[in-house]
Amino acid sequence: MRYIPRVSPRSDDWSTRHSVLTTARRTAALLNALADEHPDPNEVADVLRAYGEPDPVDLTPREVAGMRAAAALLRQVFAAEHVDGAAATLNRLLRDHTGALRLTSHDGGTPWHPHLDHDDDAPWDQWLLASSCMALAVLVWDRQRPPGGICASPSCHNVFITQGSGPERRYCSRRCATRERVAAHRRAAAEPRTTDVS
């Protein structure tokens, strides 16, 4: 199984920090951070900072609750087993939850780039849903397959972004893949063996 290392989003290059792939990876990291029933606002803020969001990032519990609701909607894209399902889910999210495509430079503070949220001061949940839908839609368009998946390990529900060619990825990390492989080996070793007596 091939895992592609994460591109460092702390690069000084603005386009690298805000690339489609980095934005999609940020989406997965935020969905995983927001998966707990009561996510810690500081941990969610740490994920935002790790992916280039400038300080101050002060999230209230109410803002995190809104982001958690947006994350639940986005998780449906990762649950899609086929490209048609991922595309249909994204089309529904784009239709029901985002604004029109627009370009912004945040009043000259950044290079021009696309946004789907309603304005530059949109609430965190709206921003998360809009920016994530855009990145995931571009990945579906570019690769003609679902942009990611949900870890197949029963003890893990993390989402992940798929990348590159090769066999279909089933686990969020090598750790989960190894744990499940070892568990399967132990189950097989514990099963009684029958011998054919003829």
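Student: Is Gln144 buried or exposed?

Tutor: Burial is judged by relative accessible area: buried means under 20%, exposed over 50%, and partly exposed in between, with a 1.4 Å probe and protein chains only. Gln144 counts as exposed because its relative accessibility is 55%. The model is predicted, so local features need pLDDT of at least 70 and side-chain atom pairs count only at pLDDT 80 or more, while totals for chains, interfaces and linings use all residues. Residues are numbered from 1 along each chain as its sequence is written, and side-chain values use heavy atoms, with hydrogens and water left out.

Student: Where does Gln144 lie, and what is its phi?

Tutor: Most residues other than glycine have a negative phi, and most peptide bonds are trans. Gln144 is not a glycine, yet its phi is positive, at about 55°. Its place is the loop between H6 and E3; here helices (H or I, at least four residues) and strands (E, at least two) are DSSP runs, numbered from the N terminus.

His106 also has a positive phi, near 50°, and is a residue other than glycine. This residue is found in the loop between strand E1 (102-104) and strand E2 (113-115). His106 counts as partly exposed, because its relative accessibility is 29%.

Student: Which peptide bond is cis?

Tutor: The bond from Asp55 to Pro56 is cis, with omega near 0°. Pro56 sits in the loop between H3 and H4.

Student: How many helices and strands does the chain have?

Tutor: There are seven helices and four strands, and along the sequence they follow the pattern α-α-α-α-α-β-β-α-β-β-α. Of the 198 residues in the chain, 39% are buried. Contact means heavy atoms within 4.5 Å. Among contacts between residues at least 6 apart in sequence, 50% join residues at least 24 apart.

Student: How many residues has helix H4, and what does it reach from its first C-alpha to its last?

Tutor: The expected span of a helix is 1.5 Å times one less than its number of residues. H4 (residues 61-79) has 19 residues and reaches 26 Å, close to the 27 Å expected.

Student: Which residues of H4 are buried, and what covers them?

Tutor: The buried residues of H4 are Val64, Gly66, Met67, Ala70, Ala71, Leu74, Val77 and Phe78. Their cover includes helices H2 (20-33), H3 (41-50), H5 (83-97) and H6 (124-143), together with strands E3 (148-150) and E4 (159-161).

Student: At what angle do H4 and H6 pack?

Tutor: Two packed helices are described by the angle between their axes and the distance between the axes. Axes are lines fitted to C-alpha atoms, for helices over the stretch in contact, and angles run from 0 to 180 degrees between N-to-C directions. H4 and H6 pack at about 20°, with their axes 8 Å apart. H4 is therefore roughly parallel to H6 (under 35 degrees is roughly parallel, over 145 roughly antiparallel, 65 to 115 roughly perpendicular and the rest oblique).

The crossing of H4 and H6 is right-handed; a crossing is left-handed if the near helix is turned anticlockwise from the far one by less than a right angle, and right-handed if clockwise. Residues making the contact include Met67, Ala70 and Leu74 of H4 and Leu128, Leu129 and Leu136 of H6. By class, the contact of H4 with H6 has 12 nonpolar, two polar and two charged residues (Ala, Val, Leu, Ile, Met, Phe, Trp, Tyr, Cys and Pro count as nonpolar, Asp, Glu, Lys and Arg as charged, and the others, Gly among them, as polar).

Student: At what angle do H2 and H6 cross?

Tutor: Their axes come within 9 Å and cross at roughly 125°, which means that H2 is oblique to H6. This crossing is left-handed. Among the residues in contact are Leu21, Ala24 and Leu30 of H2 and Trp127, Ser131 and Leu139 of H6. The contact of H2 with H6 divides into 10 nonpolar, four polar and two charged residues.

Student: At what angle do H2 and H3 pack?

Tutor: H2 and H3 pack at about 170°, with their axes 10 Å apart, so H2 is roughly antiparallel to H3. Ala29, Leu30 and Ala33 of H2 meet Val44, Val47 and Leu48 of H3. That contact has six nonpolar, no polar and no charged residues.
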